[in-house]
Amino acid sequence: MLAVAIRAGQQGMGSSMNQTLSRWLQAPSIVLLFIWMIVPAGMTVYFSFINYRLLSPEQGGFAGWSNYEFFYTDRDFWPAIFNTLLMVGLVLVITIVLGLALAVLLDRRFRGRNIARLLLISPFFIMPTVNALIWKTMMMNPIYGILSVVWRFFGAEPIDWLSQFPLLSIVIIISWQWTPFAFLIFMTALQSQDHEQKEAATLDGAGFWAQLWHLTLPHLARPIAVVVLIQSIFHLSIFAEIFVTTGGGPGNQSTNLAFLIYRQAFFGFDVGVAAAGGIIAIILANIVAYLLIRVIGKNLTV
Amino acid sequence: MIITDKQKQTLTHNLAVATAWIVALLFFFPIFWMILTSFKTEQQAISIPPLLVFEPTLDNYRVVHERSDIAGYAWNSIITSFGGTVLALLISIPAAYAMAFRPGRYTKGILLWMLSTKMMPAVGVLMPIYLLCKRFDLLDTTGVLIVIFAMMNLPIIMMMLFNFFREIPKEILEASRMDGASTLVEITRIVMPLAWGGIASTALLSVVLMWNEAFWSINLTANNAGTLVSLVASFSNPQGLFWAKVSAVSTLACAPIVVFGWMTQKQLVQGLTFGAVK
């Protein structure tokens with residue numbers, strides 16, 4: 001009883017606001033967000049169980065699981081799932097390893113450090129379509145692209161990146177944009193590291209790798225987990241980069257789940273099937289989201 | 001020759017700094033090259049070997065300005081990103097304020113639920129949103145983008161504002177209440193001036209995120225409400241090579257927001273990790 005009374009007292013202390021006013025202030029955001037979440041999601045669920053083709057609207061009615069069946073028996077379905085997971089996995093490995101290396105590298109005093117940092121994080125602010133277009137044309141073009149010039153300089157045969165290695169090309173493009181993100185997070189986290197502890201370790205004769213393994217990496221465990229989860233959520237539905245560069249091809253080599261759904265919707269004109277795909281994408285994202293919310297929830301003080 | 005520990009340390013330091021610079025320059029190179037190409041003629045843009053030194057021209061910017069409605073697209077980008085930000089702030093400031101200063105039993109749960117809505121993949125709700133827009137004649141309007149951008153980013157904005165409001169010492173509020181200040185006075189005279197910096201940086205990050213949002217811009221707009229993102233996307237199937245002009249458009253589309261981005265570095269980390277990394 002006492003504990004409850006004390007808590008109630010504490011709550012009232014900070015502000016003259018009463019409970020009713022507080023609720024009214026919160027209501028618009030909660031209600032709007034709830035509508036934003038439930039209406040489209042509810043409609044997607046509904047569409048996924050009916051026959052709904054934009055080109056033949058007279059064909060309605062309950063479809064059962066047939067939309068789902070149609071979607072996952074599409075010969076591009078498993079490749080798309082595989083591509084989605086491979087893209088996320090590769091981008092994660094590249095961005096986290098590079099981001100970590102860069103954060104450790106720049107975690108020292110030197111002249112122009114701030115400028116080096118600005119240069120490094122810039123790619124993150126380039127809009128996805130520009131990012132994709134720069135790489136598609138000026139970097140990866142097999143004849144005029146910078147990469148082909150470099151290849152020829154070393155006497156190698158230039159690569160037609162987007163048609164020979166479409167998936168890898170997209171991974172490179174996205175890693176270029178997101179390594180700065182990982183770097184920025186890790187660098188911020190490193191700034192809160194105990195430097196005295198590191199100096200003590202140096203005096204005790206601990207080398208660079210020992211310090212990295214026993215001090216820095218444990219300190220970065222949480223930021224790494226957060227980066228993994230946030231990037232997974234963004235990269236599970238990569239769209240613009242594929243849209244601009246390969247269009248999912250050649251064949252289905254760079255089609256991911258998001259792009260497959262988009263294709264069903266705007267080329268197949270099949271709302272039901274696209275909705276079924278959407279539900280699958282939502283389920284996939286929610287598995288990751290559940291983990292992320294747990295990590296964040298632990299750190300959230302109210 | 002014996003290398004002392006001190007010398008070894010200096011050597012490692014210099015090596016690390018050199019590597020850092022090389023990598024930083026490599027990462028920036030595509031952007032640098034885009035800007036450089038925007039000042040070349042189309043011929044120079046595809047010359048082999050690539051030109052580093054040339055006589056710069058402003059022709060591309062002029063042509064782009066004359067032949068495409070770039071000003072219209074830029075205006076749409078401005079309207080949607082700033083409009084979306086203002087709308088999101090109007091909804092979230094009161095809520096974040098109430099949650100920070102009058103937290104209840106469910107506050108934490110509500111905040112986490114809000115974050116979870118951010119996890120909904122856009123492609124999962126593409127069909128309903130598209131069809132609703134079509135049904136109500138909202139396709140290709142800036143209004144619908146403003147609403148979508150605001151709702152998409154509401155959770156991030158809420159979370160950032162909540163963190164900023166929480167950092168305001170409660171004692172100040174108590175003191176003002178003792179002096180008989182009403183809630184309105186409390187908000188306008190005490191909290192707002194203190195939270196102003198936090199609100200401004202939240203707004204800045206929100207503008208950056210909305211400016212670069214691609215999925216809905218590409219799928220819901222055409223000539224009328226198209227943003228710079230979708231204008232650039234429309235160059236993805238070029239008939240022939242117009243690298244210099246594409247570069248000019250891209251440079252114009254990215255320059256302001258990259259500078260904004262530089263200014264939001266710190267908030268970006270807090271905002272995008274939902275306060276999990278500070």
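**Salt bridges and interfaces**

Mentor: Let's start with a pair: Arg53(A) and Asp270(A) form a salt bridge, with their closest N and O atoms 3.1 Å apart. The term means a side-chain nitrogen of Lys or Arg within 4 Å of a carboxyl oxygen of Asp or Glu.

Trainee: Where do Arg53(A) and Asp270(A) sit in the chain?
Mentor: In distant parts, 217 residues apart: Arg53(A) is in the loop between α2 (19–48) and α3 (66–73) of chain A, and Asp270(A) is in the loop between α14 and α15 of chain A. Helices here are DSSP runs (H or I, at least four residues), and strands are too (E, at least two), numbered from the N terminus.

Trainee: Before I go on, what kind of model is this?
Mentor: This is a predicted model: local features need pLDDT of at least 70, side-chain atom pairs count only at pLDDT 80 or more, and totals for chains, interfaces and linings use all residues. Residues are numbered from 1 along each chain as its sequence is written, chains are lettered from A and ligands numbered from 1 in the order in which they are written, and side-chain values use heavy atoms, with hydrogens and water left out.

Trainee: Is Asp270(A) buried or exposed?
Mentor: Asp270(A) is buried, at 7% relative accessible area, while Arg53(A) is partly exposed at 31%. Buried means under 20% relative accessible area, exposed over 50%, and partly exposed in between (1.4 Å probe, protein chains only).

Trainee: And what does Phe269(A) touch?
Mentor: Not counting residues up to four places away in sequence, Phe269(A) touches Tyr52(A), Arg53(A), Leu54(A), Leu55(A) and Gln264(A). Contact means heavy atoms within 4.5 Å.

Trainee: Which residues are linked in a network of salt bridges?
Mentor: Arg75(A), Asp76(A) and Arg263(A). Asp76(A) pairs with Arg263(A) at 2.7 Å between the closest N and O atoms. Asp76(A) lies in the loop between α3 and α4 (77–105) of chain A and Arg263(A) in helix α14 of chain A, so this pair ties together parts 187 residues apart in sequence. The side chains of Arg75(A) and Asp76(A) meet at 3.6 Å, N to O.

Trainee: How exposed is Arg75(A)?
Mentor: Arg75(A) counts as exposed, at 70% relative accessibility, whereas Asp76(A) counts as buried at 5%.

Trainee: Switching to the chains: how much area do chain B and chain A bury between them?
Mentor: About 9600 Å², 79% of it on carbon and sulfur atoms. Buried area is the accessible area (1.4 Å probe) that two parts lose on being put together, summed over both. Phe27(B), Arg102(B) and Trp243(B) supply 9% of the area that chain B buries against chain A, more than any other three residues.

Trainee: How many salt bridges cross the interface of chain B and chain A?
Mentor: The rule finds 0 there.

Trainee: Last one: how many residues are in the largest nonpolar core?
Mentor: It has 185 residues, and Phe165(B) and Trp216(B) have the most contacts inside it. Both domains of chain B give residues to this core, so it lies between them. Such a core is a set of buried Ala, Val, Leu, Ile, Met, Phe, Trp, Tyr and Cys residues joined through side-chain atoms within 4.5 Å.

Technical notes: Domain bounds come from an automatic or database domain assignment.
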